[in-house]
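Have a look at the sequence and the structure first, then read on.

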Amino acid sequence: MVLTTIADSVLDVAQGIYDTGSDLVGTPTIRLGVTGLARSGKTVFITSLVANLLDRGRMPHLLAASEGRIAAAYLQTQPDDTVPRFDFETHMGALTGTPPRWPESTRAVSELRVSLRVKPNGLLAGLQGPRTIHLDIIDYPGEWLLDLGLMDQTYEEWSAATLKRLETRTVGAAYLALATDTDGAARLDEVQAKTLSQTFTDYLNAARGAGFYDCTPGRFLLPGDLAGSPVLTFAPLPVGDDPRRSLRREMARRFEAYKAQVVRPFFRDHFSRIDRQVVLVDALGAIHNGPAAVEDMRGAMTDILGAFKPGRNAFLTKLFRGKRVEKILFAATKADHLHHAQHGRLTAIMAALTREARDRARFAGAETEALALASLRATTEDTMTHAGAPLDVVRGTLLDTGKQAAFYPGALPDDPAHILSAAKGGADKWLDEDYQVMRFAPAPLTLRPGDGPPHMRMDRAAQFLIGDKL
Ligand SMILES: Nc1nc2c(ncn2[C@@H]2O[C@H](COP(=O)(O)OP(=O)(O)OP(=O)(O)O)[C@@H](O)[C@H]2O)c(=O)[nH]1
Ligand SMILES: [Mg+2]
């Protein structure tokens, strides 16, 4: 245990030295992290961002593009040999196919490098030729960030806190009964360990289904190729004796192995190298699910922001060594479900949530910003007459039936406090409005040369995230 920690620290430091600055020939590199909880829209966001950087006709608010300073953009070999490449071509193929489809769900980290040839502006404009800037985009599940909290805890502390939380949740009853019944001091039995971890995983899945976001360890929900391995075969047990070869002793050992071999490498190899971050949030989906889901989303945003807090814990401080994430964008995705007349209100809700998350995480560090966007616009707008009054709707092809439909999701309040205070106050439904969601299929695309796929405010997102470096 002690030995692995020392070895890891040496590795962490070595990795840090290797990472400082950019690559060996000095090409500036921006590492942009893209995260969000499951189904928040990460894959579509990256696909659209890359396509719209390659063909910049729809990026007027990305200044370097509208000023004509981006001479070229092209995809490069992914720089990290052991990280899967973000499968841009397959995702783009799905979105532009006949009929167009949304890309498959992705459940692990992936990475893509886009290189831009950019002409300098200002004083240097006439003196220097274009220079190359690499943009490395890293897609990773937001669930993994929440594991950071485990690094500070021992198995006993984590067990106590987790079991306490379970007591307040009906979905926790089955695991709680099993854990109370289990003699942790008895000799390790692999079948029993598996039953415990499986029942605990069932609880985590049920808790997430019920709208709780604090469902760590994150890899229990998204195991990938670790499924069934010992690092995922543990579960919390009440404090007690832990003689050698006991169940409790082995559970504690596996908990430490999860921290050392799953959480630590992710933060060391990916997270600590990020310069800019976008956190995608399905805010409309949460509003549709009701006040508890919005409150939960706020909690998740606070915890995610907390992970970016400089000096948050000794482990991260050592990894970052003074370097820090410079900008964080919280973006409400899928804004094309809403007529643009309501976009200002959605942005105001996101801004209010972001401000709250900043205050609660007592976050000071990076510049933060909130935005409502659609990575891929799947609808058109229309105004209909309903009960004698005009109604702003969106039209699109329904994903389930393939039929065309007009859709009105409900009116968001002018004042975001209406949403936030109902959420904070624990209301079980919204007072004066019902919000609907509908899933639209991506619209068939006919792109003019030079144009990327249609979107809403991807150019503003790009300007905030990387514009100052171009
Ligand atoms: N209308 C609309 N729907 C979107 C948009 N972006 C994403 N969606 C919907 O959201 C779903 C999830 O998007 P993804 O990009 O796959 O989300 P993800 O975060 O990568 O999901 P996982 O890989 O499962 O974690 C898609 O299948 C679409 O139904 C958008 O810009 N507009
Ligand atoms: Mg994905």
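Is threonine 106 buried, partly exposed or exposed? Threonine 106 counts as partly exposed, at 29% relative accessibility. Keep in mind that this is a predicted model.

Threonine 43 sits in helix 2 (residues 42-54), while threonine 106 is in the loop between helix 4 (88-96) and strand 3 (110-118), so the pair ties together parts that are 63 residues apart in sequence. Threonine 43, for its part, is buried, with a relative accessible area of 9%.

## The overall fold

The protein chain has 16 helices and 10 strands. Its C-alpha trace spans about 70 × 65 × 40 Å along the principal axes. The radius of gyration is 24 Å, which agrees with the value near 23 Å that a compact globule of 470 residues would have.

Buried residues make up 51% of the chain. Of the contacts with a separation of 6 or more, 77% are between residues 24 or more positions apart.

## Salt bridges

Side chains of opposite charge can pair when their charged atoms come close. The structure holds 25 salt bridges. One of them joins glutamate 356 to arginine 298, with the closest N and O atoms 3.8 Å apart. Glutamate 356 is in helix 14 (residues 343-360) and arginine 298 in helix 12 (residues 291-307), so this pair ties together parts that are 58 residues apart in sequence. Both ends are tucked away: glutamate 356 is buried at 17% relative accessibility, and arginine 298 is buried at 6%.

Glutamate 356 also forms a salt bridge with arginine 360, again with 3.8 Å between the closest N and O atoms. These two both lie in helix 14, four residues apart, about one turn of the helix. Arginine 360 is partly exposed, with a relative accessible area of 41%. Elsewhere, Arg31, Asp80, Glu111, Arg113, Asp136 and Arg273 are linked in a salt-bridge network.

A polar atom of the arginine 248 side chain does lie 2.5 Å from the backbone oxygen of aspartate 241. Beyond its neighbours within four places in sequence, arginine 248 has contacts that include Tyr155, Gly184, Leu237 and Asp242.

Key:
Residues numbered from 1 in each chain as written. Chains lettered and ligands numbered in written order. Predicted model: local features only at pLDDT ≥ 70, side-chain atom pairs only at ≥ 80, totals over all residues. Heavy atoms only, no water. Buried < 20%, exposed > 50% of the residue type's maximum accessible area, 1.4 Å probe, protein only. Polar contact = N/O pair within 3.5 Å; in protein donor to acceptor, adjacent residues only side chain to side chain. Contact = heavy atoms within 4.5 Å. Rg over C-alpha atoms; globule rule 2.2 N^0.38 Å. Salt bridge = Lys/Arg side-chain N within 4 Å of Asp/Glu carboxyl O.
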